[in-house]
Amino acid sequence: MSLLSVRDLSVEFATRDGAVRAVNAVSFELRPGQVLALLGESGSGKSVTLRSILGLHPPVRTRVGGEVLLKGRDVNRLDEQARQALRGGVVSMVFQEPMTALDPVYTIGRQIEETLVQHRGLDRAAARRRARELLDLVQVPSPERCLASYPHEISGGMRQRAMIAIALACEPELLLADEPTTALDVTVQAQILWLLRDLQRRLGLAVIFVTHDLGVAAEIADDAAVMYGGRIVEQAPVRELFRAPAHPYTEGLMLATVRRGQKGRALVPIPGAPPNLVALPPGCAFAPRCPHVKPPCLETLPPLHVVAPGHGSRCHLVPARFASSPALASSATGRGGLS
Amino acid sequence: MSPTPGLEARGRTGTAPLLLTRGLRKHFPLRGGVLQRVQAWVRAVDDVTFDVKPGETLGIVGESGCGKSTLARLILRLVEPDAGSVWFDGEDVRRALPGRMKRLRRDMQLVFQDPYASLNPRLTIEAAVAFSLLVHGVGRAEARDKARALLGRVGLDPRLYGRRYPHELSGGQRQRVNIARALVLDPKLLLLDEPVSALDKSVQAQVLNLLQGLKTERALTYVFISHDLNVIEYVSDRVLVMYLGQVVETGTAEALAEAPKHPYTQALFASAPSMDPDRRMERPPIAGDPPNPIDPPSGCRFRTRCAFAMPKCAEVPPPPVTVAPSHDVACYLYEPATVPA
């Protein structure tokens, strides 16, 4: 059974310039213990999708459609109290910037303890012991000192570890991570990625990892969903995605990313700029930048074509370009369910 | 030190470097208390020496707080160094009088990381590009024509974009404006401080290709600062690796990528994600965060995170040794190679 099932999720923000359609009919499933990377550039809708799972969007000027079923319960239909319980139990979140996510006026120890008292009902002494254990779990080298420190007194890597400790305090089944290593130096990023992978395995966590970095996705994920213009345009097991990308945007992103040993060869950029989410085209949002564009791409939204088991691409050209693929079959509904 | 290091370096390498620094140092005081006394020093840049030949791209790579951005500002004298010298085109930059300095800054232009913060929100992009020409005494009509031509070259049609304001452009477009603005005075050297770090990958490639094209067309010399090793390896001829204000290794981009010598350079390369799900990191290459540049470790500043640290590493900072032609490492693990004179 899936732990999380997102069906036809759409999120719209009302702005002065019109409705920003940040997420459009996004569907995916997550099994317990599965690590999914939501991959995309700025404005692709990856972070908005993640926040919808927690029901974090303020009700003002926001319209959320579709369903987010967490262990069978629709997050959007719960009252605030029930949602609060969900956040403190089944699911928790790690943010990009620990400096802004942590409270500057309380010590790290106090912040971890507070979480434990609030959500787990521990008394102060028990909370203190557990806080110490949690810092051991995230491999903080001198936990006592860290507990007594304020966020500004410790390094960026330590702050991120402290935030992971807080996120794990309530023993969640699902961890949502929003670019948790983007603000870190590369040597520290390597440590945090390794730590998250290690914790994921040991605790059997399901993780949704939002990132703009193909390399990070390759390091951490079992599966990846590539987002563009508020839609999932391709989804596949991560190995499959890197071996045989089947959407022109994914291919373009891989060609445009600077890799080791590419010196002397010109990069192949994706021309143009990402779409305006206020005025999304009727067809494929990537069509204006796509090297393979055909007339239907400008008119109708491509359905989700299955390229291989568990590998889908929302591109009109899949049948023509991957005709040799034995597993080829178009999904009937054009959305969701890749099994 | 020779009074004219330009000539000395010419004797050694054949071509005179366009830019060279010798023993560059900058420590920023941290003041506190009622009397605002100096309580500590941030050792941002310590004893940095390098040459950049005309037409070359020197990459400077390092993590946050390693002093790479301060270094760019020292070269332009936007920050006055405490010690050491900067020579540009055979001239001692530190001795240049204000009028001469203005002229030198025409030839050395800086492009910043944040393309939005570095543009005046109240100037159209055409006016922003023409502005420095006006400052340097070029007539209004000529300045406008030059600005338009350059905007066209960086891929922003002046008829479509010239009258727009920075907030109406995307990040990549803004960085193109900054590049046009830096080039409008026909400089010889461009100091690029994380020029593509704030951009999405697909746009990064556009800007990197543009920079490579402009470099060839205009016979430019680049000092390219970045924390991204892949980008540095891609754009650079030679690379300088900095750690906490000091240079730990210099060499050609190929030599560093294939056989990094300094334990820090090795860790840096090993920490970069592989882009291959089948070759994931076994374990993190090094532990810990870079220490605070306030009161950095004695001796070799990397020793607190180094797996090979020896007692003598804590005593005296290791001097750079030449391990191969134009490959220098500041680490006690290496003996100088016997290079025939």
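Guide: In chain B, strand β9 (residues 238-243) pairs with β10(B) in the antiparallel sense, over six bridges. Two strands count as paired if DSSP finds at least two bridges between them. This is a predicted model, in which local features need pLDDT of at least 70 and side-chain atom pairs count only at pLDDT 80 or more, while totals for chains, interfaces and linings use all residues. Residues are numbered from 1 along each chain as its sequence is written, and chains are lettered from A and ligands numbered from 1 in the order in which they are written.

Within the pair, Val241(B) stands opposite Glu249(B) of β10(B). The hairpin of β9(B) and β10(B) has two residues between the strands, and Leu244(B) takes a positive phi near 45° in that hairpin. Strand β10 of chain B covers residues 246-252 and is mostly covered, with six of its seven residues buried. A residue is buried if 20 or more other C-beta atoms lie within 10 Å of its own, exposed if 12 or fewer, and partly exposed in between, with C-beta atoms placed from the backbone.

β10(B) also pairs with strand β12 (residues 327-329) of chain B, again antiparallel, over two bridges. Glu249(B) takes part here too, as the bridge partner of Val329(B) in β12(B). From β12(B) the pairing continues to β11(B), and three bridges join these antiparallel strands. In that pair, Ala324(B) stands opposite His327(B) of β12(B).

These strands belong to an open sheet of eight, in the order β6-β7-β8-β3-β9-β10-β12-β11 (chain B), with mixed pairing. Its edge strands, each pairing on one side only, are β6 (108-111) and β11 (321-324) of chain B. From one strand to the next, the twist averages 20°. Helix α7 (residues 171-183) of chain B packs on the sheet and touches β6 and β7 (189-193) of chain B, and the direction of this helix makes about 170° with that of β6(B). Two residues are in contact if their C-beta atoms, placed from the backbone, lie within 7 Å. Axes are lines fitted to C-alpha atoms, for helices over the stretch in contact, and angles run from 0 to 180 degrees between N-to-C directions.

Chain B has a further open sheet, with four strands in the order β2-β1-β4-β5 and antiparallel pairing. The edge strands of this sheet are β2 (37-52) and β5 (91-92) of chain B, each pairing on one side only. Strand β1 (residues 19-32) of chain B is joined to β2(B) by 11 bridges, and the two run antiparallel. Phe28(B) stands opposite Val42(B) of β2(B).
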